[in-house]
Amino acid sequence: MVYATRGLIDVLLDLASDADPESMTTGLSVTRAGELTGESVGALPAETPVFTDFFLPDPGNPVNAVFGVDLSTPARQTQGRFVSHPMGELSVSKRDHLAQVIFVAVPPWSADPTSIRAFDRRGRRQPLELLDAEPPEERFS
């Protein structure tokens, strides 16, 4: 089972919609369920990883555009990847940057199983559950 906050998925779908008809991709990171607030995380073990955060996509990065390599985000900080396929199928393609978990979205950009799915690095579909939860507030010094 793959868990993600509804807020994260909503933001990613908005970014994909704004980028349409171009594809967009970005790294995703997790927070342990025990650090989240919200009723829907109460039943999860505290150590369960929940996708909560994304790194701002950099559409102007030519290395990423040509080779599919994101040099701006350290690989250890991302446990997942979001990819939009504005003209494609709801599956992992050979051109997608692989990660432990890959979220693929297609139009009409809504948070339902016909528009967004989770896959493992081999392209096998994984069950996805959206949680109404909030990550801890982060402060920048």
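Where is G123 found? I looked, and G123 sits in the loop between β6 and β7 (125-126). Strands here are DSSP runs of E with at least two residues, helices are runs of H or I with at least four, and both are numbered from the N terminus.

Before going on, I noted the ground rules: this is a predicted model, where local features need pLDDT of at least 70, side-chain atom pairs count only at pLDDT 80 or more, and totals for chains, interfaces and linings use all residues. Residues are numbered from 1 along each chain as its sequence is written, and side-chain values use heavy atoms, with hydrogens and water left out.

**G123, continued.** I checked how open G123 is: at 30% relative accessibility, it counts as partly exposed. (Buried means under 20% relative accessible area, exposed over 50%, partly exposed in between, with a 1.4 Å probe and protein chains only.) I also looked up K94, which is 29 residues from G123 in sequence and 9.6 Å from it in space, C-alpha to C-alpha.

**Aromatic rings.** I searched the whole structure and got one aromatic pair. The ring centres of F51 and F103 are 5.1 Å apart and the planes stand at 80°, so I wrote down edge-to-face. (Rings of Phe, Tyr and Trp, the last by its six-membered ring, pair if their centres lie within 6.5 Å; planes under 30 degrees apart are stacked, over 60 edge-to-face, the rest tilted.) F51 belongs to strand β3 (residues 49-54) and F103 to strand β5 (residues 101-105), so the pair ties together parts 52 residues apart in sequence. Both F51 and F103 are buried.

**Helix α1.** I followed α1 through residues 6-19: it has 14 residues and reaches 20 Å from first C-alpha to last, close to the 20 Å expected at 1.5 Å a residue. (The expected span is 1.5 Å times one less than the number of residues.) Its buried residues are L8, I9, L12, L13 and A16. Looking down the axis of α1, I see them fall within an arc of 130°, so they line one face of the helix. (The arc is taken from the directions from the helix axis to the C-beta atoms.)

Most residues other than glycine have a negative phi, and most peptide bonds are trans. I found a cis bond joining D20 and P21, with omega about 20°; P21 is in the loop between α1 and β2 (25-32). The bond from P107 to P108 is cis too, omega near 20°, and P108 lies in the loop between β5 and β6 (116-120). W109 is in the loop between β5 and β6 and has a positive phi, near 60°. At 13% relative accessibility, W109 counts as buried.
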